[in-house]
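Have the sequence and the 3D view open as you read.

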Amino acid sequence: MHEMTGYDISAELNRAADEKNYFLLRDIYTAHSGNLSRKEGLYWETVFNNLFGREYRSLVAAGRFLSEYGPRDESAGEMIYLTAVNQLRRSRYSAAAASLRKLLRYHRDGMDAEELEEARSNFEVCRALRRVGPQTVELNGIRRIPTCRTRFGHITVGVRAGGLQGRFIVDTGANYSTVALGAAREMGLLPAGSGVEVGTATGVRLDCGLAHAPTLDLSGITVRNAVFIVMEDSQLSFPELDYSIEGIIGLPVLRQLGNLRFARDHIRIGNIRIPGDINLNFCLEGLTPLVEVGSRDERLMFTLDTGANQSEYSHGYYTRHSERLDASASESSGLRGGGGGVVRHRPLALRSEHLTVGGRQLIVPSMNVIREDYDFSRGKDGNLGLDMLMAGDGFAISFDRMAVFPYSR
């Protein structure tokens, strides 16, 4: 739905958006936004601010666009869709459902099959959650959350709700927090809908439920109206690995905590040290966090996934570099886990891979190259996991500056 025409700068922005090259779009927009016409300026202001976590500014620009050019304009569909995304991120579910209903009413014919499926799916989620109030976080003076690591390296934090006192995985790669059905019952979660389709790291799609916690204690921090995807216990249990997951704290809760520094045994909240020149190397595609990564003089885009214990290149990256990778990497084998179970796969393994994030070079002894074409990794070059992020003295995520910065030893 990127059909704006006019100046060359708009054509370049269109190309970057269509190719999902969001960090190139950042560079073009920040350097040349003053050259856009009024209509193009409002359009790209909406897109840019949505990508880089400035939902209020994006909503204002979209509102002006729709007021001046109407909901039936050829580019209004994108404005209505981004309005819905902004409202969803702000947990204004009823407003998001109304925007998505308008999108499906006026612009259904302008969407391809993938866009139509996404719009319908988001509409069903928002409609199910329409009576749930906005999520809020009360820090209660807490500035440091103790963490533990599982035997697979996942970071966990203490959670209390209802009769449950447990430990949930901290996962920036989870669009919503997730909980096993048994734990959800102990927590006293309030059901909010069913039949929500969820993609997993193994490529499986699962039908799950929705629920929310009126109050959730996160290591002393009070979270109100936290939304959870509810999975069957068996979908979060992995007998092959003698491992099970009670629950996951996903991006919506983590984002409301603000600025986070992940250290070996704790997460620090609040003022964190990030160099002044590290800015906007982190963006959001809908509810998916993406980070700019340098590799062999290429500028790449990885998902930011603290729920993954190992970083990997995607099928798309492999397709572009298959000749070099087939010659230099060795075939490996192992188990890939996600909601619904584990699958055996045979990735390529690269030794001593060097990546650059936030101006810092990260080195991991072994990095997988995934040759399967998973839906969730299309348009991305890879997935940045804890092996890279915790390779030095931890890392910081600033949701204020939309920046990710690793600390070196």
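## Helix H3

Helix H3 (residues 38–51) has 14 residues and spans 20 Å from its first C-alpha to its last, close to the 20 Å expected at 1.5 Å a residue. That expected span is 1.5 Å times one less than the number of residues. Helices (H or I, at least four residues) and strands (E, at least two) are DSSP runs, numbered from the N terminus.

This is a predicted model: local features need pLDDT of at least 70, side-chain atom pairs count only at pLDDT 80 or more, and totals for chains, interfaces and linings use all residues. Residues are numbered from 1 along each chain as its sequence is written, and side-chain values use heavy atoms, with hydrogens and water left out.

Eleven of the 14 residues of H3 are buried, so the helix is largely enclosed by the rest of the structure. Buried means under 20% relative accessible area, exposed over 50%, and partly exposed in between (1.4 Å probe, protein chains only). Among the buried residues are Tyr43, Trp44 and Phe48. Their cover includes helices H1 (8–18), H2 (22–32), H4 (55–69) and H5 (76–89), plus strand S15 (282–285); contact means heavy atoms within 4.5 Å.

After H3 comes Gly53, with a positive phi near 70 degrees.

## A five-stranded sheet

Now for the sheet: five strands form an open sheet in the order S2-S14-S13-S25-S26, with antiparallel pairing. At its edges lie S2 (144–146) and S26 (403–406), each pairing on one side only. Two strands pair if DSSP finds at least two bridges between them.

Strand S25 (residues 395–398) pairs with S26 in the antiparallel sense over four bridges. Ser398 has Ala403 in S26 as its bridge partner.
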